[in-house]
Amino acid sequence: MITTLKFYISQMQFLFDNKVVYTEHNSYHLIDASAPETMLLSQFSDKAIHYNAIQFQLGIDSLTNVAGAMGGDLDPTKGMYWTWQSGYINFKLEGTSTNCPARNHEFQFHLGGYQAPFNALQTIILKTTTKQTIKIYFDIEKYIKGLDLAKHFSVMSPNQEAVSFSKKIAESFYTE
Amino acid sequence: MKKVVLVLFCLIFTAFVANNKLFSVPDNWPQPVYNFSNNPLSENKILLGRMLFYDPILSRNNIISCASCHSPFSAFTHIDHALSHGINDSIGTRNSPALMNLAWQKSFMWDGAINNLDMQALAPITHTAEMGSSINAVVDKLNASAMYHELFFKAFGDSVATGEKTLKAISQFMITLISSNSKYDKVIRKEVAFTEQEASGYKLFQKNCSSCHNEPLFTTTDFANNGLAVDTTLNDIGRMKITLNPNDSLKFKIPTLRNIEYSYPYMHDGRFKRLSEVVNHYTSGITVTPTLAKELQHPIILTASEKVDVVAFLLTLTDQSFVFNPKFQYPKEVFFGKGER
């Protein structure tokens, strides 16, 4: 059972044949599975654009990570900022599974880290066509099925595991 | 048309004067690293930050404030406590550092865990052995307080507290804590002269200590292993806890030596109570481990009287005008002038 699923989408861009045709300014979005209104991101362009791919980052870039206190979706009250060590949590997944040997069978993945060699930020490019609404899917089942919760059930700081899990999560996004 | 130009000129002039008054870089100091453009100083924001710094509302049980472990009279640290002392008499794992000249610091905490002054307060607010609260709980309490509605409105033009505004206000107060008026500073400015003993200590200091505790901040703000034997009750690996890099094992933030007379006990675990113990550590107490600072690979040799001279010099870093600056003290006129929260 999943109890929490929250992650940041940032630096959203539309591409046409690998050329950037649209860049969202101040592009930081906290997607929270328990708040459906966070899952609809509106983009506005004052000229007609044609694109065949959408690009975004899963997480928060390093410059923003060192820039001090921010507001809106980046406010530390959103629960996506580590307090004992500076840095945004790019992706948060919590829940329970009978496979998980931890206390109350709880698993917790707080994935982040902006400094080499543990930079967890992922760039995702998805092919699409020019249209009014692009539906982007995140296949959480695919990700969780690929996990061995008996062995890996807790990541709470920037490290190698956080980077490799972040890569797998980035592969679980697709468009229809 | 002429009139418009004149008005504009006046505004720029006022802004310049106001800014100068709130923060100025002492002569011959480097430029600060804090990014003021993200958080422009104002008198009302500094006052809000000062209120928050002294208000135990930041802790879960409304008893512990920032000032509990960072008192002005001890150069904003907690004297007589080797390890920091928090909520419900909890004892932490490190010695609370003295706070001053923070706009020049690249990172915070003994291990550099915090990358920006704005984010520093999150750590003690949350830590179960410090304030045991959360930024969300703090913001909720502030938003329920009529006094803070007014203070936030005056500071930000909006009475609603957020995490961002709360943290930025605390930063503003901390940035104003500049210590640059010790006897040492007055000697550098040629206003007074060292005694013979202090002058001898200064020379010995420059020869033996200043590559890590460099002037004028008396720290490079980097990390170093200064040869302390590991306290096996703590097993603190220092900077390596953050970077996971074995080359950073046992390295800790090089602290400033300014106001060291006030900020005892010394070292990340508060193991030394007296400055003489600190000096003796460097002459005869170094434990050699693979990450030991290169400056300490060869022993520092000082005679008994030279050690006394070094301590005499260190005492010239005491800045009474900093410790007793009325602008840095508990803002009782605001707490008690406003009635109920």
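Visitor: Is B:Glu295 exposed, partly exposed or buried, at 33% relative accessibility?

Guide: Welcome! This is a predicted model. Buried means under 20% relative accessible area and exposed over 50%, with partly exposed in between. B:Glu295 has a relative accessibility of 33%, so the residue counts as partly exposed.

Visitor: Where in chain B do the partners of the salt bridge between B:Arg94 and B:Asp236 lie, and how many residues apart are they?

Guide: Happy to show you! Their closest N and O atoms are 2.7 Å apart, and both residues are buried. B:Arg94 sits in the loop between α3 (66–69) and α4 (117–120) of chain B. B:Asp236 is in the loop between β1 (223–224) and α11 (240–243) of chain B, so this pair links distant parts of the chain, 142 residues apart.

Visitor: Which residue is linked with B:Arg94 and B:Asp236 in a network of salt bridges?

Guide: B:Arg94 and B:Asp236 form a salt bridge with each other. The network that links them also includes B:Asp111.

Visitor: Why are the buried residues of α6(B) on the same side of the helix, and how wide is their arc?

Guide: In helix α6 (residues 135–143) of chain B, the buried residues are B:Ile135, B:Val138, B:Val139 and B:Leu142. They lie on the same side because the arc they cover around the axis is only 95 degrees.

Definitions and conventions: Residues are numbered from 1 along each chain as its sequence is written. Chains are lettered from A and ligands numbered from 1 in the order in which they are written. This is a predicted model: local features need pLDDT of at least 70, side-chain atom pairs count only at pLDDT 80 or more; totals for chains, interfaces and linings use all residues. Side-chain values use heavy atoms; hydrogens and water are left out. Buried means under 20% relative accessible area, exposed over 50%, partly exposed in between (1.4 Å probe, protein chains only). Helices (H or I, at least four residues) and strands (E, at least two) are DSSP runs, numbered from the N terminus. The arc is that of the directions from the helix axis to the C-beta atoms. A salt bridge is a side-chain nitrogen of Lys or Arg within 4 Å of a carboxyl oxygen of Asp or Glu.
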